[in-house]
Amino acid sequence: MTTYLVTGGAGFIGSHLCEALLARGARVVCVDNFNDYYQPERKRRNLRAALEHPAFTLVEADFRDQAAMHQVFATHRPARVAHIGAMAGPRPSMQRPLLYEEVNIRGTLVLLDLARQHNVEGFLLASTSSVYGRTPTPWSETSATDQPLSPYAATKKAAEVLAFTYHSLYGLPTQIVRFFTVYGPRGRPDMTPYLFVDAMRQGRPITLFNGGQGVYRDWTYIDDVIAGVLAAMELNPAFEIFNLGNAHPVQLADFVALLERITGYQAQIEARPLPPADPPITYADISKAQRLLGYQPCTPLEEGLSHFWAWYRRDVLA
């Protein structure tokens, strides 16, 4: 039975990954510090099913803590690491850039060095489409990533560079997956679907950058992203980067109209200029992931948002 270490395992993407690995018969060691970026109680609810599984272990620790993480590696001897944990979001990173540097760069370096010391067989780093900045779309893995627009994007790019360095120096098999606007059940309260639905339900206005016109996002459903992550870890190449997006960007105004139809609530729109940390379009070229991983995102936006709305009513409003 292969043991996986999943950082940020109580979060949105991390908790789904933990459940998927357990369903495949793996042993999972979840590391999470339950910080207050959003309610820790919500993260604990994300783990309700996993905590019932005999092959699941929860370690409450901060992956920046070298001594604590050394103990995790020495005790559980993970064969593979899925480093999902991070401080997320371009705009919040403008308020707390030093924290983003500490978590996303130093934290990644702690894990890379322990993976080297403990002869880990594979290291997967979760990155972001934000590294592409204003590079012309669609973005392929060879598109320029040297002009990120936010501290968040810059720190994730730095983590990618460190991962390559550890692969180059020590032969650590490394996969980097760049996520594109992931959404679905357990989505964080600061993510667009949650923010918009919350406001629409309470009759509060929502902020639409550029009034929702000319702003496109490549919404990618959580199940499709998890399938891509699992395929990347199974392939276990020497070093590869994969875009995990949907390759069908949707204009923000159309996204809101779809949310209105699904929820039955009308949105009150407050138009504001697009912040400088946000590119107008995110759009993944996924041909490499399709070719090497068999990655095929198959969840239409309407279906994915319906799943999100059902979860919101069941878990948030309950």
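**Close-up 1. Helices H6 and H7 run roughly parallel to each other.** In this predicted model, H6 covers residues 97–117 and H7 covers residues 151–170. Their axes come within 9 Å and cross at roughly 15°; angles under 35 degrees count as roughly parallel, and that's why the pair gets this label. As for handedness, H6 passes H7 in a right-handed crossing. On the H6 side, the contact is made by Pro97, Tyr100, Glu101, Asn104, Ile105, Thr108, Leu109, Leu112, Asp113 and Arg116. Facing them from H7 are Pro151, Tyr152, Thr155, Lys156, Ala158, Ala159, Leu162, Ala163, Tyr166 and Tyr170. Sorted by class, the residues of this contact are 13 nonpolar, three polar and four charged.

**Close-up 2. Helix H10 packs against helix H12 at an angle of about 50°.** Here we're looking at residues 252–263 (H10) and residues 301–316 (H12), with the two axes 10 Å apart. That angle makes H10 oblique to H12. The crossing of these two helices is right-handed. H10 brings Phe255, Leu258, Leu259, Arg261, Ile262 and Thr263 to the meeting, and H12 answers with Leu301, Glu302, Leu305, Ser306 and Trp309. Split by class, the contact of H10 with H12 has seven nonpolar, two polar and two charged residues.

**Close-up 3. Helix H10 on its own, with its buried residues and what covers them.** H10 has twelve residues, and the distance from its first C-alpha to its last is 16 Å, close to the 16 Å expected at 1.5 Å a residue. Which residues of H10 are buried? They are Leu252, Phe255, Val256, Leu258, Leu259, Glu260, Ile262 and Thr263. The cover over these buried residues includes helix H8 (192–202), strand E8 (205–209), strand E12 (250–251) and H12.

**Close-up 4. Arg44 sits in helix H2, which spans residues 40–46.** Is Arg44 buried or partly exposed? Arg44 is partly exposed, because its relative accessible area is 38%. Set aside its neighbours within four places in sequence, and Arg44 is in contact with Phe34 and Glu60. Phe34 is ten residues from Arg44 along the chain, and the C-alpha atoms of the two are separated by 8.1 Å.

Key:
Residues numbered from 1 in each chain as written. Predicted model: local features only at pLDDT ≥ 70, side-chain atom pairs only at ≥ 80, totals over all residues. Heavy atoms only, no water. Axes fitted to C-alpha atoms, helices over the stretch in contact; angles between N-to-C directions. Helix = DSSP H or I, 4+ residues; strand = E, 2+ residues; numbered from the N terminus. Parallel < 35°, antiparallel > 145°, perpendicular 65-115°, else oblique. Left-handed = near helix turned anticlockwise from the far one by under 90°. Contact = heavy atoms within 4.5 Å. Nonpolar A, V, L, I, M, F, W, Y, C, P; charged D, E, K, R; others polar. Expected span 1.5 Å × (residues − 1). Buried < 20%, exposed > 50% of the residue type's maximum accessible area, 1.4 Å probe, protein only.
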